[in-house]
Amino acid sequence: MSTKGRVAVVTGGTRGIGAAISIKLKEAGYAVAANYAGNDERANQFKSVTGISIHKFDVADYEACVAACTRITAELGPIAVLVNNAGITRDATMSKLNHDMWQEVLDTNLGGCFNMAKAVWDGMRERNFGRIVNIGSINGQAGQYGQVNYAAAKSGIHGFTKALAQEGAPKGITVNAIAPGYIDTDMVAAVPKPVLDKIVARIPVGRLGKADEIARGVLFLVADDGGFITGSTLSINGGQHMY
Ligand code: NDP
């Protein structure tokens, strides 16, 4: 089977990094389903510009993930590629971080990876082919002040990736992670400018990354001939953290 026509699901695929991934996969011939949580306006705009199908559900809700994957399979075909990209921040230092902020970030950023992988796993095993890419973060590798919840969830993604890769390997399923550095998206636009200026000053390449530069990495990892690349983490961060 050629890459053309393989079905790819991208969580959080309507904005920022996820939108760039959805577009890159579509351009490469994949039939793409882009998920989002609640921003209908941006999702509909994305759909009308790109022609990519959009699917609203919460990745933190296991039953919703299973139902959505069943619907997507019925509409587009069996899911061959899963990109776990949906993520949120609820930043605060430990004294101000409350349990809800901790739980929401863990449930979305890490729980979402489990929920979606679980929903597609048996099908990928049956077909002896699958590609899963989980979007981690430089802050999961290095930690970040004021992001105990986010760093824990993203660090968890890297362990999740390595463990699941071992289970998928005999069945033709690769599981890899990408750890982006600071990328110019809505998420980073929320960082106060003085803080952002200090961050950019620490990036050897001297600028924020572009969403498309992460999408390139995803396309590389999900390729049909990428079967020997599994359990790896691709750091795309302008040289900010060499791990
Ligand atoms: P954005 O905030 O720009 O976009 C987030 C996307 O995720 C949106 O499509 C949003 O949907 C969706 N989403 C959020 N929560 C849920 C949910 N519970 N269920 C389904 N979809 C959800 O994020 P970025 O593009 O900046 O980040 C994408 C990923 O990359 C995240 O995992 C992030 O942690 C990671 N990352 C980002 C970095 C950066 O510098 N930007 C650096 C390192 C990692 P909706 O539009 O409906 O809100």
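1. In this note, two residues are said to touch, or to be in contact, when heavy atoms of theirs lie within 4.5 Å. The model under discussion is a predicted one.

2. Leucine 25 illustrates the term. Leaving aside residues up to four places away in sequence, Leu25 touches Ala8, Val10, Tyr30, Val32, Val83, Leu219 and Val222.

3. Leu25 belongs to the largest nonpolar core, which has 29 residues. Together with Ile21, Val83, Ile135 and Val218, Leu25 touches the most other members of that core. At least two core residues come from each of β1 (7–10), α1 (16–27), β2 (31–36), α2 (40–50), β4 (79–84), β5 (130–135) and α9 (211–222). The greatest contribution, six residues, is that of α9. As general background, nonpolar side chains tend to be buried together in soluble globular proteins.

4. A separate core of 26 residues lies apart from the largest one; Phe57, Val59, Cys113 and Ile173 are among its members.

5. The ligand is surrounded by 31 residues, of which Gly38, Asn85, Tyr150, Ile183 and Thr185 are the closest. By type, this shell comprises 14 nonpolar, 13 polar and four charged residues. The element that gives the most to the shell is α7, with three residues.

6. For valine 59, the corresponding distance is 3.0 Å, to a nitrogen of the ligand. Of the 900 Å² that the ligand exposes when taken alone, the protein buries 93%.

Terms used:
Residues numbered from 1 in each chain as written. Predicted model: local features only at pLDDT ≥ 70, side-chain atom pairs only at ≥ 80, totals over all residues. Heavy atoms only, no water. Core = buried A, V, L, I, M, F, W, Y, C linked by side-chain atoms within 4.5 Å. Buried < 20%, exposed > 50% of the residue type's maximum accessible area, 1.4 Å probe, protein only. Helix = DSSP H or I, 4+ residues; strand = E, 2+ residues; numbered from the N terminus. Near = heavy atom within 4 Å. Polar contact = N/O pair within 3.5 Å; in protein donor to acceptor, adjacent residues only side chain to side chain. Areas by Shrake-Rupley, 256 points an atom, 1.4 Å probe, with all protein chains shown as cover. Nonpolar A, V, L, I, M, F, W, Y, C, P; charged D, E, K, R; others polar.
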